[in-house]
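Please read the following report alongside the coordinates.

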Amino acid sequence: HSMNMKGMDHSSMDMSHESITELKSSLGKNELNFPKVLKPDHEDNNSISFTVRAQHGTSELFEGIETKTYGYNGDFLGPVIRVEKGKKVTIHLVNDLKEDTTFHWHGLEVPGNEDGGPHKVLKPGESETINFTVKQDAATLWFHPHPMHETGKQVFKGLAGLLYIDDKNSEKLDIPKTYGEDDFPIILQDKTFTDDKQLDYDKVMNEDGTTGDTLLINGGVDPKLTVDRKKVRLRILNGSNMRSYTLHFDNEMEFHQIASDGGFLNKPNRTKEIEIAPAERAEILVDLTKVKGNVVTLVNEENTTILPIHLKESLDSSQTTNEAKTLNNLTLTDEIKNKKVKKTIKLAGMGEDVTINDKKFDANRIDFSQKQNETEVWEIENIKDSMGVMNHPFHIHGTQFQVISIDGKEPPDNLLGLKDTISLKPGQKAKIAVKFTEKGVYMFHCHILEHEDNGMMGQIKVD
Ligand code: C2O
Ligand code: CU
Ligand code: CU
């Protein structure tokens with residue numbers, strides 16, 4: 001390609017790279033922090049309750065400098081909320097911000113009314129209590145705000161947290177599961193700071209997705225992880241506004257992906273790299289006993305350092321090296337695979353011209369309806385035209401779907417689990433099996449947050 005990108009014919013190149021800020025390597029100066037696991041207000045055998053508060057704060061991300069940030073129950077990012085399948089959950093939501101917000105549970109199968117979409121605005125000072133029962137299997141989900149036109153800004157400033165579901169299967173599986181010891185949350189986000197080290201969204205926002213030069217993991221810059229030489233589990237969430245990451249280790253070692261957005265894959269998927277689009281989660285098992293030397297580094301597709309992992313000398317020989325062979329028993333029957341396509345979703349455009357089925361979001365328009373507990377086949381297509389040159393990570397609220405095919409072919413092994421977000425390249429077409437287990441109005445949208453804010457979103461009513 002020529003040096004003058006601006007003058008080029010858009011259809012001949014991948015425009016998405018033009019506006020992506022180059023990411024700097026982590027200098028590995030700061031030990032990785034892990035969000036606190038949120039203490040319940042109350043818990044018994046059948047129920048658990050929490051308070052989640054959106055608030056303003058300040059964080060010392062750079063030595064001696066106060067950065068203004070947003071957080072849940074703290075200054076920046078949010079805690080991990082842990083719930084068990086089968087439990088009745090009550091969450092008291094409080095908006096202590098000076099602006100409107102909502103509390104959305106990304107990946108959770110809850111009634112539309114509890115899902116925290118753009119209709120469920122809490123004004124400054126307002127609070128609300130939601131109730132739901134956890135019916136789905138173990139998974140790494142997350143929560144973030146969803147107010148119309150403000151999602152990109154509020155997530156960028158720090159509103160995002162993890163929601164873990166545990167169940168009998170996750171407790172019984174022979175995999176690392178001790179939080180902060182061998183089971184680590186890894187929230188990837190890229191941000192650009194102004195010269196005075198502030199997160200000034202209006203100055204850096206990009207209509208095609210705001211990217212940053214600075215990588216944060218769990219809200220910290222220049223992260224490194226120091227651990228015993230053992231088998232570890234990384235629960236990776238891409239909480240970035242638009243950046244995707246293709247991750248591998250600098251020594252090209254293999255690892256296993258064990259879970260995707262909605263929970264465990266049927267079996268561990270052995271691989272050397274994983275791609276993770278905005279809002280997606282991937283859980284990986286990394287056997288650090290196999291590393292030669294004392295450091296192994298997680299890097300992206302450009303070999304930018306994401307996370308250097310320093311190994312303590314101790315060699316824990318009691319560590320089992322057996323792989324859990326069966327993790328889950330998801331099925332996708334031929335009957336479902338062969339169903340006729342019921343809904344067609346066309347993702348198109350870029351910048352402010354993004355649309356779904358040629359329309360922009362209208363809060364007063366219901367685009368689709370579906371019956372509760374009925375599985376339908378949806379076809380999602382990322383339209384390739386003179387403008388359609390970006391990947392769009394497509395997300396549906398209130399459901400975990402299964403991928404039937406991509407461009408008519410069997411999906412790759414890592415897409416055989418439950419998903420709530422699927423990233424499509426220009427021209428790509430996916431068939432997915434979608435079932436809502438609850439009722440209500442749910443959003444579906446592109447999870448590039450600026451595309452969502454620009455109206456690349458629709459609504460489905462389930463009854
Ligand atoms: Cu992460 Cu509308 O969601
Ligand atoms: Cu969502
Ligand atoms: Cu998009």
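The text below goes from model confidence to domains and then to strand pairing.

This is a predicted model, in which local features need pLDDT of at least 70 and side-chain atom pairs count only at pLDDT 80 or more, while totals for chains, interfaces and linings use all residues. Residues are numbered from 1 along each chain as its sequence is written, and chains are lettered from A and ligands numbered from 1 in the order in which they are written.

**Confidence**

The average pLDDT (the predictor's confidence in each residue, from 0 to 100) is 94 for the chain, and 94% of the residues score at least 70. Residues 1-16 have pLDDT below 50, and this stretch makes 15 contacts in the model beyond near neighbours in sequence. Two residues count as in contact if their C-beta atoms, placed from the backbone, lie within 7 Å. Where pLDDT is low, the predicted coordinates should not be read in detail. The ipTM is 0.99 and the pTM is 0.95.

**Domains**

An unreviewed UniProt entry carries the annotation "domain: Plastocyanin-like" for residues 59-169, 183-294 and 343-463; such annotations may be inferred rather than shown by experiment. Two of these spans are described in the table, where helices (H or I, at least four residues) and strands (E, at least two) are DSSP runs, numbered from the N terminus.

| Span | Distance between end C-alpha atoms | Helix | Strand |
|---|---|---|---|
| Residues 59-169 | 38 Å | 7% helix | 42% strand |
| Residues 183-294 | 20 Å | 4% helix | 54% strand |

A separate division of the chain gives domain 1 (30-171), domain 2 (183-315) and domain 3 (334-462), with bounds from an automatic or database domain assignment. Taken over C-alpha atoms, the centres of domain 1 and domain 3 are 24 Å apart. Their contact involves 17 residues from domain 1 and 18 residues from domain 3. On the domain 1 side, helix 1 (residues 151-156) gives the most, with three residues. That side of domain 1 has four nonpolar, 10 polar and three charged residues, where Ala, Val, Leu, Ile, Met, Phe, Trp, Tyr, Cys and Pro count as nonpolar, Asp, Glu, Lys and Arg as charged, and the others, Gly among them, as polar.

**Sheets**

Strands pair if DSSP finds at least two bridges between them. One open sheet has seven strands in the order 13-12-11-15-20-17-18, with mixed pairing. Strand 13 (220-221) and strand 18 (263-271) are at its edges with a single partner strand each, so one side of each has no neighbour in the sheet. Strand 17 (residues 255-260) runs antiparallel to strand 18 and is joined to it by five bridges; serine 260 has glycine 263 of strand 18 as its bridge partner.

Another open sheet has five strands in the order 25-32-31-27-29, also with mixed pairing. Its edges are strand 25 (368-370) and strand 29 (421-424), each with a single partner strand, so one side of each is left without a neighbour in the sheet. From one strand to the next, the twist averages 25°; axes are lines fitted to C-alpha atoms, for helices over the stretch in contact, and angles run from 0 to 180 degrees between N-to-C directions. Strand 31 (residues 440-446) and strand 32 (residues 457-462) are antiparallel and joined by six bridges. Glycine 440 is bridged to valine 462 in strand 32.
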